[in-house]
Amino acid sequence: MNFLGTWRKRHGTARGTAVDTSDDADQEGIAALLAECELLRVRAAQQGLELDDSPASLEALDQLPPRWRDDPEELPWFGNDAGLYLGTVIVRTVPGAHWHLWPSGTPVVMLASGRDIAVVGAGLDWAATGAPELSQVYAEASEA
């Protein structure tokens, strides 16, 4: 068994993303880091979908066949990326929305109303079950 496989057996699968801001990282740097979502972007491109950070791309993601569910090791990473991508779209298109870090380092999106959206959790739920749809979470955020 390879190193990563052995490590995962001892430590479990990914549960989300944490960001260390002990160096007072700037918001733009954090946003750029969280927007990478490399696994999601690669898998979407393999299915002919280019993610352009728009609300329409969330609707398109919701329509993809959930092939990522076939790989239990990849699913949590994919879901994590889906949540970060959801957050990226919200931050870039909803006025007043910005990334906020909980004391644990977990990134969430804070809306102008002060409401936090746990986008990583929403992405993980979507990847595992298909609900709530990413476009639905976006719609609720844009109306708040």
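Leaving aside neighbours within four places in sequence, D125 is in contact with G130, A131 and P132; contact means heavy atoms within 4.5 Å. This is a predicted model, in which local features need pLDDT of at least 70, side-chain atom pairs count only at pLDDT 80 or more, and totals for chains, interfaces and linings use all residues. Residues are numbered from 1 along each chain as its sequence is written, and side-chain values use heavy atoms, with hydrogens and water left out.

D125 lies in helix α6. Helices (H or I, at least four residues) and strands (E, at least two) are DSSP runs, numbered from the N terminus. D125 counts as partly exposed because its relative accessibility is 42%. Buried means under 20% relative accessible area, exposed over 50%, and partly exposed in between, with a 1.4 Å probe and protein chains only. N80 is 45 residues from D125 in sequence, and their C-alpha atoms are 9.5 Å apart in space. Just after α6, G130 takes a positive phi of about 90 degrees.

Now the buried side of α6. Its buried residues are V119, V120, A122, G123, W126 and A127. Seen down the helix axis, they fall within an arc of 160 degrees, so they line one face of α6. The arc is that of the directions from the helix axis to the C-beta atoms. These buried residues pack against α4, α5, β1 (98-101), β2 (107-110), β3 (116-117) and α7.

W126 deserves a look. Not counting residues up to four places away in sequence, W126 touches L61, D62, W68, R69, F78, A82, A131, P132, E133 and L134.

W126 also belongs to the largest nonpolar core, which has 35 residues. Such a core is a set of buried Ala, Val, Leu, Ile, Met, Phe, Trp, Tyr and Cys residues joined through side-chain atoms within 4.5 Å. L40, L61, Y85, L86, I90, W99 and W126 touch the most other members. Two or more residues come from each of α2 (27-34), α3 (38-46), α4, α5 (75-93), α6 (119-129) and α7. α5 gives the most, with 8 residues.

Last, a helix pair. The axes of α4 (residues 55-63) and α7 (residues 134-143) come within 7 Å and cross at roughly 150 degrees. Axes are lines fitted to C-alpha atoms, for helices over the stretch in contact, and angles run from 0 to 180 degrees between N-to-C directions. The two helices are therefore roughly antiparallel to each other (angles over 145 degrees). P55, L58, E59, L61 and D62 in α4 meet L134, S135 and Y138 in α7.

Note on methods:
Parallel < 35°, antiparallel > 145°, perpendicular 65-115°, else oblique.
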